[in-house]
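Good morning, colleagues. Please bring the model up on your screens, and I shall take you through its sheets, its domains and its ligand site.

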Amino acid sequence: MQHFPVFLALNESRVVIAGGGEIALAKLRLLLKTEAQITLCAASFAPEIEALRPRVTLVRRPLLGCDLGGVRLVYAATGDATQDARIAALGRKAGALVNVVDNLGASDFITPAIVDRAPLVVAIGTEGAAPVLARQIKAQLEAALPTALGALAQIGKAFRGMAEHLPQGARRRNFWQDYYQKDGPQAYARGGVREVEETLDNLLARHMAREAPEGRVDFVSAGPGDPELMTLKARKLLDCADVVIHDRLVTPEILELVRREALMIAVGKEGFGPSTPQAEIHRLMTLHAGQGAHVVRLKGGDACLFGRLDEETEAVEAAGIAWQVIPGVTAAASAAASIGQSLTQRGRNSALRLVTAYDMQGYADQDWRALAAPGAITAVYMGKRAARFVQGRLLMHGAAPDTPVTLVENASRADQQIVATSLALLPQHAARLAGPAVILLGLAPKAAETALELQEHAQ
Ligand code: SAH
């Protein structure tokens, strides 16, 4: 380690940045998070810097030695190597630590990448070896650390004395773990600082009494398959679940993200294959949550679409168990994105239909006339085996056989397949697909559409 990380107290301290452009602004943005007195010296300043007066002092000429009285840090950020070298020498002479931006060898210190949840601050440095890696780690941490964490740490700090009523060791650790991972963030989301303070009291009382924690069920949308299409909320809940009850549609890559210690229960609901009876799913959810577990009911796509959500929330509600729903990316949204198309378009369709090909009676009946109208866009879920039925109904209600149709199988996954076809050929293409597929009626992939337009234009 060539650079030792420290957290430098900058309140009341002077910091000087030499430079008035983009490079200076980038450093300035970081320094503005502190309470330092900041001076910038340059012949001219970017408007964004001008706008920051009077928080920062602007000196409209190149930096001179007399600007550096009592300065702790100097940033040479002019973008001009000769200028920067002159400034570095002046800075050192004045006894300040000098950073020459993007010049590790000429710098006394380097500024790390920062994840700011003050008072919790994570600083990441690679000693100049791999700035890209630092940015990657920063992005991961930004995603992993709830934005409320700063506020939670601040409140938690004031509560440390109270928490000492719990014996040191596992019991106190569990208390803080619950606070930072679960109760704190949830209370903050419900009602901000006030709610957190109240929650801390209750949480402490609960831990003192060694009361069993209260169970709950979160209905979490897993999205179409690509883990990066999950919401941050979904991701976090997977980190703290005790029990995860998931559909077969949920991909292994997503299940991989579940907390290691969690109990995983697959409740298969595959097209026409064997499926877990709904009552059994209800039983499992209420059983585990009833025993105090934090249950995540993980559903493919968006939990609110074609997933029997209401039956499940009602069962949980009836058992007096708390629950919430986390929305997500539905298959149709992912499929449309993968072909570069919008699901609505001015002048083409002002309504979008998401339909299922099946209902409890078998093939689902729809407003076929509306679905067959020119320009209508419909996403058909569970439509592979019903493709011939859907095609027949649409043709019968006046749809043109050459209406564009796109099938997107395994949307967002590594094995995604896009089949661009027409209503006339829909059934034979649908029959060939093995994975989950959504049928986009009325849409062709953007690329194909553009190619066709270009061709027509050329003729
Ligand atoms: N709640 C889910 C839909 C569940 S119904 C959602 O919002 O996406 C199951 C149907 O969803 C499948 O038959 C298929 O039509 C569609 N589906 C789910 N995941 C899919 C994916 N990754 N690619 C294409 N279609 C998908």
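Let me begin with a question: in what order do the 5 strands of the open sheet with parallel pairing stand? The order is β10-β9-β11-β8-β12. Strands here are DSSP runs of E of at least two residues, helices are runs of H or I of at least four residues, and both are numbered from the N terminus. Two strands count as paired if DSSP finds at least two bridges between them.

Before I continue, a word on the basis of these values. This is a predicted model, in which local features need pLDDT of at least 70 and side-chain atom pairs count only at pLDDT 80 or more, while totals for chains, interfaces and linings use all residues. Residues are numbered from 1 along each chain as its sequence is written, and side-chain values use heavy atoms, with hydrogens and water left out.

Strand β9 (residues 243–246) pairs with β10 in the parallel sense through 4 bridges, and I245 is placed opposite I265 in β10.

A second open sheet, also of 5 strands, has mixed pairing and the order β13-β16-β19-β17-β18. Its edge strands, β13 (352–356) and β18 (417–422), pair on one side only. The average twist from one strand to the next is 20°. Strand β17 (residues 404–409) runs antiparallel to β18, and 6 bridges join the two. Within this pair, E409 faces Q417 of β18.

I turn now to the domains, whose bounds come from an automatic or database domain assignment. The chain is divided into domain 1 (14–111), domain 2 (148–209), domain 3 (216–329) and domain 4 (332–458). Taken over C-alpha atoms, the centres of domain 2 and domain 4 are 50 Å apart.

Which domains each supply at least three residues to the shell around the ligand? They are domain 3 and domain 4. In total, 18 residues surround the ligand, and D302, L305, T330, A411 and A437 are the closest; a residue counts as near if one of its heavy atoms lies within 4 Å. The shell comprises 12 nonpolar, 4 polar and 2 charged residues. In that division, Ala, Val, Leu, Ile, Met, Phe, Trp, Tyr, Cys and Pro are nonpolar, Asp, Glu, Lys and Arg are charged, and the others, Gly among them, are polar.

A ligand oxygen atom lies 2.6 Å from a polar backbone atom of A437. Ligand nitrogen atoms also take part: one is 2.7 Å from a polar backbone atom of L305, and a nitrogen atom is 3.5 Å from a polar backbone atom of V438. The protein covers 91% of the 540 Å² of accessible area that the ligand has on its own, by the Shrake-Rupley method with a 1.4 Å probe.

Finally, some backbone details. The peptide bond from R53 to P54 is cis, with omega near 5°, and P54 lies in the loop between α2 (47–50) and β3 (56–59). M382 is not a glycine, yet has a positive phi of about 55°; M382 is found in the loop between β16 (377–381) and α14 (387–396).

Notes. A polar contact is a pair of N or O atoms within 3.5 Å; within protein, one must be able to donate a hydrogen and the other to accept it, and residues adjacent in sequence count only if both atoms are side-chain atoms. Axes are lines fitted to C-alpha atoms, for helices over the stretch in contact, and angles run from 0 to 180 degrees between N-to-C directions.
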